[in-house]
Amino acid sequence: MSQNATREYDQLRIDGLHAFYGESHILHGIDLVVKRGELVTLLGRNGAGRSTTLKAIMNMVGRRTGSIMINGEETMSCAPHNIARLGVGYCPEHRGIFASLSVHENLTLPPIVRSGGMGLEEIYTMFPNLYERRFSQGTKLSGGEQQMLALARILRTGANMLLLDEITEGLAPVIVEKLGEVLVDLKNKGLTIILVEQNFHFAAPLADRHYVVEHGRIVEEVSAGELHAKQSVLDRYLGV
Amino acid sequence: MSMIFGVPMAVLSGQLLIGIINGAFYALLSLGLAVIFGLLKIINFAHGAMYMLGAMGTVILFDNLGVNYWVALFLAPVLVGIVGVLVEYFLLRRIAGQDHIYSLLLTFGVALIMQGILTNIYGVSGLRYSMPDMFKGGVNLGFMFLPYYRAWVIVAALLVCFGTWFMIEKTKLGAYLRAGTEDSQLMQGFGINVPLLVSLTYGFGVMLAAFAGVLAAPIYSVTPVMGSHILIVVFAVVVIGGLGSIGGAIITGVLMGVVEGLTKTFYPPASSAVIFLVMVIVLMIRPHGLFGKEA
């Protein structure tokens, strides 16, 4: 038991992951590894399969094959509601703020899955706007505030691996900057973060490594140190 | 004797009272339908049968085991709730995500089976359930006579309706329910056991119907087909109110009972059709119902 606990597993290890929505085959054998405390991005064009990779980790796609190990535990046969309990916090594309819940209810909705999460007070200090508007309807917040709420919501649960899907999409530069600061903060706290991001300039300075996804496969792995050398390769894949 | 629009005050208030009581039943039943529709996205055609099971169960428990009214008021809904959880777990769950028509047919079939079995055993002529002694008699309010039991039905139904509204709108469990209604997949992603929540919600929804059934046992005729009669009206109430609003289901239920009662006073021949007339008008003006949200 103590041996297992001290043994260093990768936070996330995906081998040969295929995913399907009905008849359509979206992921064609994803392999990737994320070490504890790393911030890794999934880059790629729209429809490349980045969001689906996150959803597949959460067991939110129609059918999956292959292997997804979280902290050394195989999760392919895990029910969706048990994935979060392994310490995974998921922030979906378009944020998933509930309209019929107040800001406070949205924030406290996800159950605590691990000890060591941020307390309500700490969260409200980090995001003072949310405190001011805690009794408002969740979807009455501005886009930026909703994104803060979606992020704050999973920080409270104690999740130590965050899956963040397009969190900067459609937000003003000043908000994006604030999000960047929050991510640096979280990384310093030792959280593992997997970022699906369209905005390469946002992701580049934050990430330890980048995976480029195309047609449901990982086609390139670039570490932070290689960014400069591989810039032309990235440009080609991302079409910038 | 004072008259209002050519109708004696006592007659008017008597009909109003009956209207409010019928409305209380409509409210309880449409509330259950709305709760179930919210999370499961199915129209529960077995709802009338569950109401009937509540009433029949009350009589059967009394006749065979001597279970009194107060115990039945608690026990019958719990038993029917368990039936509901089993129906959800073994039947509805298997067709989740399929076209609406499947759940409609399935719940309709469940209702027919329950009705059929009980008709076979007890016939359709109705069982007798005598009023609990403490509710015999009534009080003269001056302008009308108010039987104690009718007053109790109104109070009990409104309390349960308010309690349900409070639970859904103001508590943590209710927040789960509301959030699950919007996006149950994301809820599950947060670690909430949505399949369990779905089972319990269906069970709770049919418990409300069974509770209405127990309340109905001493004043309505208790037969295996009593549910199918009231269900048609309740569906019209639900269409008028619009599914998806808890408060709306309650208000529309009481309101339609009153409308029915008033029609009975002023133009009796139209009383059984008036709710459907209102339904047609509402559908023409507000297709999503009075309290419904745009789909």
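User: Let's start in chain B. How far apart do the end C-alpha atoms of residues 149–168 of chain B lie, and how much of the span is helix?

Analyst: The ends are 28 Å apart, and the span is 100% helix and 0% strand. Keep in mind that this is a predicted model. The UniProt record, an unreviewed entry, lists residues 149–168 of chain B among its "transmembrane region" features, which also include 12–35 and 104–129.

User: What do the helix content and end-to-end distance look like over residues 104–129 of chain B?

Analyst: There the chain is 73% helix and 0% strand, with the end C-alpha atoms 32 Å apart.

User: How do I read a helix pair, say α1 and α5 of chain B? At what angle do their axes cross?

Analyst: Look at the distance between the axes, then the angle, then the handedness. Helix α1(B), residues 9–40, and helix α5(B), residues 148–170, have axes that come within 9 Å and cross at roughly 30 degrees. Angles under 35 degrees count as roughly parallel, so α1(B) is roughly parallel to α5(B). Their crossing is left-handed.

User: Which residues of α1(B) and α5(B) meet there?

Analyst: From α1(B), the contact includes Leu17(B), Ile21(B), Ala24(B) and Leu28(B); from α5(B), it includes Arg150(B), Ile154(B), Ala157(B) and Cys161(B). By class, the residues of this contact are 13 nonpolar, one polar and one charged.

User: Now chain A. How should I approach its sheets?

Analyst: Start from the general idea: strands of a sheet pair through backbone hydrogen bonds, either parallel or antiparallel. Then write down the strand order. One open sheet of chain A has four strands in the order β2-β1-β4-β5, with antiparallel pairing. Its edge strands are β2(A), residues 24–34, and β5(A), residues 73–74, each pairing on one side only.

User: How many bridges join β1(A) to β2(A)?

Analyst: Eight bridges join strand β1(A), residues 12–21, to β2(A), and the two run antiparallel. On its other pairing, β1(A) meets β4(A) in the antiparallel sense over seven bridges. His18(A) is a handy landmark: its bridge partner in β2(A) is His28(A), and in β4(A) the partner is Thr65(A).

User: What happens at the hairpin of β1(A) and β2(A)?

Analyst: Two residues lie between the strands, and Gly22(A) takes a positive phi near 55 degrees.

User: Finally, how many residues of chain A and chain B are in contact?

Analyst: 18 residues of chain A are in contact with 14 residues of chain B. The chain A side divides into 13 nonpolar, three polar and two charged residues.

Technical notes: Residues are numbered from 1 along each chain as its sequence is written. Chains are lettered from A and ligands numbered from 1 in the order in which they are written. This is a predicted model: local features need pLDDT of at least 70, side-chain atom pairs count only at pLDDT 80 or more; totals for chains, interfaces and linings use all residues. UniProt positions are given in the numbering used here, feature names are shortened, and annotations may be inferred rather than shown by experiment. Two residues are in contact if their C-beta atoms, placed from the backbone, lie within 7 Å. Ala, Val, Leu, Ile, Met, Phe, Trp, Tyr, Cys and Pro count as nonpolar, Asp, Glu, Lys and Arg as charged, and the others, Gly among them, as polar. Axes are lines fitted to C-alpha atoms, for helices over the stretch in contact, and angles run from 0 to 180 degrees between N-to-C directions. Angles under 35 degrees count as roughly parallel, over 145 as roughly antiparallel, 65 to 115 as roughly perpendicular and the rest as oblique. A crossing is left-handed if the near helix is turned anticlockwise from the far one by less than a right angle, and right-handed if clockwise. Two strands pair if DSSP finds at least two bridges between them.
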